[in-house]
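Here are some notes for a first reading of this structure. Please keep the sequence and the model side by side while going through the points.

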Amino acid sequence: MSEPTGKYSITMPRDIAEAAKARSGPSGLSAYVAAAVARQIERDNLNELIQVAEAEHGPVTDEEIQVLRDQLHQARREQTDQTQGGADAA
């Protein structure tokens with residue numbers, strides 16, 4: 001069962017509305033806009049969590065971000081190597 005819906009009137013720049021309409025596909029403009037708003041709410045919630053964490057622990061440094069990015073890239077490489085190695089062995 002889907003969530004209850006409501007009908008709303010919004011105002012947006014015409015070029016944005018037309019681009020959204022062109023990209024909305026078979027699901028329609030309402031579904032496209034609802035998905036975009038849901039993504040924005042997720043981003044807003046994440047930004048609020050970041051603000052709370054930074055207030056408690058201080059900001060994350062560029063160096064810390066780079067270390068985590070490097071770890072993520074290494075984990076992805078290892079996963080790809082394992083996947084490709086498993087396919088070669090079969």
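1. The model is predicted. The place to begin is the largest pocket, whose volume is about 450 Å³.

2. Which residues line the largest pocket? The lining consists of Thr-5, Gly-6, Tyr-8, Ile-10, Met-12, Ala-17, Leu-29, Ser-30, Val-33, Ala-34 and Val-37. By class, eight of the lining residues are nonpolar, three are polar and none is charged.

3. Helix α2, residues 29-57, contributes the most to the lining of the largest pocket, with five residues. An α-helix has 3.6 residues a turn, so residues three or four places apart point the same way. The lining includes Ser-30, Val-33, Ala-34 and Val-37, which can be looked at with that spacing in mind.

4. The length of α2 can be checked. At 1.5 Å a residue, its 29 residues should span 42 Å, and the C-alpha atoms at its ends are 42 Å apart, so the two values agree. Just after α2 comes Gly-58, with a positive phi of about 90°.

5. Ala-36 also lies in helix α2. Is Ala-36 buried, exposed or partly exposed? Its relative accessible area is 31%; because this falls between the 20% and 50% limits, Ala-36 counts as partly exposed. Between Ala-36 and Arg-69 there are 27 Å in space, C-alpha to C-alpha, and the two are 33 residues apart in sequence.

6. Now the whole chain. The protein has three helices and zero strands, and its pattern along the sequence is α-α-α. Its radius of gyration is 21 Å, well over the 12 Å that the globule rule gives for 90 residues, so the protein is more spread out than a compact globule. Along the principal axes, the C-alpha atoms fill a box of roughly 55 × 50 × 35 Å.

7. What share of the 90 residues is buried? Buried residues make up 4%. The accessible surface of the protein is about 8400 Å², and carbon and sulfur atoms account for 55% of that surface.

Technical notes. Residues numbered from 1 in each chain as written. Predicted model: local features only at pLDDT ≥ 70, side-chain atom pairs only at ≥ 80, totals over all residues. Heavy atoms only, no water. 1 Å grid on protein atoms, 1.4 Å probe; cavity = no way out; pocket = protein on both sides within 12 Å on 5 of 7 lines; lining within 4 Å. Points joined across faces, edges and corners; volume = space filled by probe spheres on them. Helix = DSSP H or I, 4+ residues; strand = E, 2+ residues; numbered from the N terminus. Nonpolar A, V, L, I, M, F, W, Y, C, P; charged D, E, K, R; others polar. Expected span 1.5 Å × (residues − 1). Rg over C-alpha atoms; globule rule 2.2 N^0.38 Å. Buried < 20%, exposed > 50% of the residue type's maximum accessible area, 1.4 Å probe, protein only. Areas by Shrake-Rupley, 256 points an atom, 1.4 Å probe, with all protein chains shown as cover.
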